[in-house]
Amino acid sequence: TGIWGVSFLIWLVPAALCTRSWRRAAPALVIAALALIASAIVEFPDEDSRGGVRVAAIQAPDSFRASRATSKIKGQADIVVWPEHCLKWSNNRPARAARSNGVHLVANLREKHPGRNPYNVACLYGPDGSLIGMQRKRRLFGREKFVFTPGTTTRTVRCGEITAGLPICFETQFSGITRSLVRQGAEIILVPVHDPESPNGLFNYLH
């Protein structure tokens, strides 16, 4: 019965016993018994019956191992989020992984910007491998400012039946970006992140 059954036992049974009269205790004991019986009979919906979305966050040092990890969990997730790899725009491994595993997949790529540094972009691929939408990183971290051009807009993308926001790594430190996505209707925030090397993968675990 979980915490509800325990609560009824903790409150009602001692209260009934403190009356020192079974006649006075009867109402409280009856209520406790009925509550326990009801909690054993009533079935509450589990996650699957509520139509929830299953999301997998994968940490891997390269797209090859991220793709292999995605294949290992085939059928267990509806959306898969890869790390902030900054893959070449021509890298088609994310699209192939999305298509072969039938999932929505978020991957991070470098988008060319004529005459300037490229953009750091979060891309959402559909189960058919098509590029559904993307978000350019606006808040660049450290030396990224010398490597990438910052994006200028924040927009949501449709991910199946839900609306998603795609901030990238360091942008989670700026709540205004997430608030903007939520105001635009984002129901889920999917964040590719980069983890620095650390002993025993400590930062990877924490991040």
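Visitor: Is C169 buried or exposed?

Guide: Buried means under 20% relative accessible area and exposed over 50%, with partly exposed in between (1.4 Å probe, protein chains only). C169 has 13% relative accessibility and therefore counts as buried. This is a predicted model, in which local features need pLDDT of at least 70 and side-chain atom pairs count only at pLDDT 80 or more, while totals for chains, interfaces and linings use all residues. Residues are numbered from 1 along each chain as its sequence is written, and side-chain values use heavy atoms, with hydrogens and water left out.

Visitor: How many disulfides does a search of the whole structure find?

Guide: A disulfide is a pair of cysteine sulfur atoms within 2.5 Å. The search finds 0 disulfides. For C169, the closest cysteine sulfur is that of C86, and the 9.3 Å between them is too far for a bond. C159 is also a buried residue, at 4% relative accessibility.

Visitor: Which residues of helix 4 are buried?

Guide: Helices (H or I, at least four residues) and strands (E, at least two) are DSSP runs, numbered from the N terminus. The protein has 6 helices and 9 strands. In helix 4, residues 93-101, the buried residues are P94, A95, A97, A98 and N101. They lie on the same side of helix 4 because they cover an arc of only 165° around the axis, the arc being that of the directions from the helix axis to the C-beta atoms.

Visitor: Against what do the buried residues of helix 4 pack?

Guide: Contact means heavy atoms within 4.5 Å. The partners of these buried residues are helix 3 (63-72), strand 3 (87-88), strand 4 (104-113) and strand 5 (116-125). After helix 4 comes G102, with a positive phi near 65°.

Visitor: What kind of aromatic pair do F170 and F174 form?

Guide: A pair of aromatic rings is described by the distance of the centres and the angle of the planes. Rings of Phe, Tyr and Trp (its six-membered ring) pair if their centres lie within 6.5 Å; planes under 30 degrees apart count as stacked, over 60 as edge-to-face and the rest as tilted. The structure holds 2 aromatic pairs. F170 and F174 form an edge-to-face pair, at 5.2 Å centre to centre and 85° between the planes. F141, F170 and F174 form one aromatic cluster.

Visitor: Where does the charged end of R139 sit?

Guide: A charge sits over a ring if NZ of Lys or CZ of Arg is within 6 Å of the ring centre and within 35 degrees of the ring normal. The charged end of R139 is over the ring of F174, 4.3 Å from its centre. R136 lies over the face of Y119, 4.0 Å from the ring centre.
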